[in-house]
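Here is a short briefing on one protein chain. Look at the structure first, then read the points below.

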Amino acid sequence: MSRKIAILGSTGSIGRQSLDVIAACGMEAVALTAHASTDLLEEQARRFHPRLAVMTDPVAAADLKVRLADTDVTVLSGPEGLLEAASLPEADTVITAIVGIAGLRPTLAAIRAKKRIALANKETLVCAGPLVLAEAKRWGAEIVPVDSEHSALFQCLQANRDRGEVKRLILTCSGGPFYGRTADELRCVTRAQALHNPNWSMGAKITIDSATLMNKGLEFIEAMHLYGMPPEKISILIHRESIIHSLVEYCDNAVLAQLGAPDMRLPIQYALTWPRRVPGPADPLDLWHCGSLTFGSPDESVFRCLALAKQAARIGGTAGAILNGANEAAVALFLDDRIRFLEIADRVEQAMSVVPVIPEPDLDEILEADQAARRAVG
Ligand code: NDP
Ligand code: MG
């Protein structure tokens, strides 16, 4: 299938799997970006021959430029380079696979250049959902979700003619490595334990978010914006096996689900090929040998990040940016062994209680709320 793709964050977990899909489906990577992973970006550039390679770290970019001097690849650096990659005229599609609010500006640049957005970076909609969706509408840019739950909802909603027929969206959640534990048992869990996800291999930040269930909270807010549903019409269902990726319950009580092996290459590929389907590299689902599928409810009194995210969803305005900025800062402290696991929720709650919420923010107010939340975390 012919697609020309810019991958923002090509050296990360989503970025690398996107390149698997691109190679398997005969698509073209026209721009690749990373922050500082020079070795891997060089290897990817030599294999995929993009027109543009960008490193946001200027020292790494200078190094890459020397290394790729024998090729036709243009090397750019810094946030400006990232914006160039996001709006590269040759690209028809941009995969937003940068982690954190750093993905927001480049996503807006890609929207204004009328690209199809294969949206992996969930922090973008959490911080700036209404603004990003309004821009997408204004410029006629399609946003197709990459996150497996939102891709599942997107697929289950295709049978739907009128959003009023939807009773609720049901987001499935693996529960992470600490499902079933009490708060007392979580007091002393280590970084290594939190970095072990039972079903998915992902970047460090989202793996910690999966352990605290903040990931599901961010997805809750993302689903609310993407599908125009109020918080009370979105439910979280624990499903340890990650086979059912999410469900839509209709007003007649019919429930549609999307199933697949836990392999991100499938939702990545669908975001690129939609509305078509083509054979690809994702693992097939073998229901005959996958055993039982189990379901349960999340315990929000233990996994308080989920409750805080729902609270931010109900408040709206800059509450999402405050939640997200505080969480990014707190997760960085945890990954640095400077705070304990349960303190991530404490710090987020603290930031939400001190940073004032602006109801209908512009981009600058969103970025300022993010900074204020980070300062509140310390
Ligand atoms: P990774 O940490 O594996 O990769 C992040 C990528 O972004 C890397 O290429 C990294 O470059 C680059 N990057 C990091 N910081 C910056 C920055 N400040 N400016 C520019 N580039 C930067 O993350 P994941 O692939 O796991 O996740 C990416 C996004 O997708 C996240 O928002 C996550 O929530 C979302 N997502 C991920 C899923 C998964 O299965 N991994 C599933 C669903 C959503 P470098 O390598 O040089 O550091
Ligand atoms: Mg997900």
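Asp209 is buried, with a relative accessible area of 2%; buried means under 20%, exposed over 50%, and partly exposed in between, using a 1.4 Å probe and protein chains only. The model is predicted, so local features need pLDDT of at least 70 and side-chain atom pairs count only at pLDDT 80 or more, while totals for chains, interfaces and linings use all residues. Residues are numbered from 1 along each chain as its sequence is written, chains are lettered from A and ligands numbered from 1 in the order in which they are written, and side-chain values use heavy atoms, leaving out hydrogens and water.

**Around Asp209**

- Asp209 sits in helix H10, residues 204-212. Helices (H or I, at least four residues) and strands (E, at least two) are DSSP runs, numbered from the N terminus.
- Beyond its neighbours within four places in sequence, Asp209 is in contact with Met214, Asn215, Leu218, Asn327 and Val331. Contact means heavy atoms within 4.5 Å.

**The sheet**

- Seven strands form an open sheet with parallel pairing, in the order E4-E3-E2-E1-E5-E6-E7. Two strands pair if DSSP finds at least two bridges between them.
- Strand E4 (74-77) and strand E7 (143-145) are the edges, and each pairs on one side only.
- On average, neighbouring strands of this sheet are turned by 20 degrees against each other, direction ignored. Axes are lines fitted to C-alpha atoms, for helices over the stretch in contact, and angles run from 0 to 180 degrees between N-to-C directions.
- Strand E2 (residues 28-34) pairs with strand E3 (residues 52-55) in the parallel sense, over four bridges. Leu32 stands opposite Ala53 in E3.

**Helices on the sheet**

- Helix H1 (residues 13-24) lies across strand E1 (4-8), E2 and strand E5 (93-96). H1 runs at about 165 degrees to E1.
- Helix H4 (residues 78-86) also packs on the sheet, where it touches E1, E2, E3, E4 and E5. The direction of H4 makes about 145 degrees with that of E3.

**Salt bridges**

- How many salt bridges are there? The count comes to 31, where a salt bridge is a side-chain nitrogen of Lys or Arg within 4 Å of a carboxyl oxygen of Asp or Glu.
- Asp39 forms a salt bridge with Arg67, with the closest N and O atoms 2.8 Å apart. This pair links distant parts of the chain, 28 residues apart: Asp39 is in helix H2 (residues 38-48) and Arg67 in helix H3 (residues 58-67).
- Asp39 is exposed at 53% relative accessible area. Arg67 counts as partly exposed at 25%.
- Glu219 forms a salt bridge with Lys122, with the closest N and O atoms 2.9 Å apart. Glu219 is in helix H11 (residues 214-227), and Lys122 is in the loop between strand E6 (116-119) and helix H6 (123-139), 97 residues apart.
- Glu219 is buried at 1% relative accessible area. Lys122 counts as buried at 4%.
- Asp263 forms a salt bridge with Arg265, and the closest N and O atoms are 2.9 Å apart. Both Asp263 and Arg265 are buried.
- One network joins Asp39, Glu42, Arg46, Asp63, Arg67 and Asp70 through salt bridges that share partners.

**A nonpolar patch**

- Leu259, Leu287 and Trp288 make a nonpolar surface patch of about 360 Å². Patches are made of residues with over 30% relative accessible area and no salt bridge; like charges are joined within 9 Å, nonpolar side chains (Val, Leu, Ile, Met, Phe, Trp, Tyr) within 5 Å. Accessible areas come from the Shrake-Rupley method with a 1.4 Å probe, and for residues only the protein chains shown count as cover.
- Leu259 lies in strand E11, residues 255-259. Leu259 counts as partly exposed, at 35% relative accessibility.
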